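Please look over the structure below.

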Amino acid sequence: MNHGYSQVQALTLGMAIAKIRGLAVADTTRGQGLAAALLKRAWQVYHQLDYFLLYGSYETDRDLNAFYARCGYTVLAPGEGFTLERIGAPFGIHSGPSECVFTRWLPRR
């Protein structure tokens, strides 16, 4: 709600979607698949909890598009957001012009 969402929107966000924040591995361990393993485990946990969406963002200068795409996420263009109409929420999530958002939706049943 501190970011301008109503109480209903905040409740929807808290129960239906999860945001990945602060995913990082040490420089000395890069390229060993640790970040991919962390993302995979996060997906497994939130999938078991019946969340509809797992998403995150990163600064465009990090150039992580290929990494997130290989991990099964859809990477949006810098500054692009997405709607939550798929879960019946009449609002969306947007990023700043120097950020890219990545998303992974629970498959439809």
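**Cysteines and fold**

Counting a disulfide as a pair of cysteine sulfur atoms within 2.5 Å, the protein chain has 0 disulfides. Cysteine 100 is in no disulfide, the nearest cysteine sulfur being that of cysteine 71, 15 Å away. That separation is too far for a bond. Buried is used here for under 20% relative accessible area, exposed for over 50%, and partly exposed for values in between, with a 1.4 Å probe and protein chains only. Cysteine 71 counts as buried because its relative accessibility is 18%. Cysteine 100 also counts as buried, at 3% relative accessibility.

The model is predicted: local features need pLDDT of at least 70, side-chain atom pairs count only at pLDDT 80 or more, and totals for chains, interfaces and linings use all residues. Residues are numbered from 1 along each chain as its sequence is written, and side-chain values use heavy atoms, with hydrogens and water left out.

Helices (H or I, at least four residues) and strands (E, at least two) are DSSP runs, numbered from the N terminus. The protein chain has 3 helices and 6 strands. Read from the N terminus, their order is α-β-α-β-α-β-β-β-β.

What radius of gyration does the protein chain have? The value, taken over C-alpha atoms, is to be set against a globule rule of 2.2 Å times the number of residues to the power 0.38. For 109 residues, a compact globule would have a radius of gyration near 13 Å, and the 14 Å of the protein chain agrees with this. Along the principal axes, the C-alpha atoms fill a box of roughly 45 × 35 × 25 Å.

Of the 109 residues in the protein chain, 30% are buried. A contact means heavy atoms within 4.5 Å. Among contacts with a separation of 6 or more, 64% join residues 24 or more positions apart.

Threonine 103 belongs to strand β6, residues 99-105. Threonine 103 is buried, with a relative accessible area of 7%. Leaving aside residues up to four places away in sequence, threonine 103 touches Leu53, Leu54, Tyr55, Tyr73, Thr74 and Phe82.
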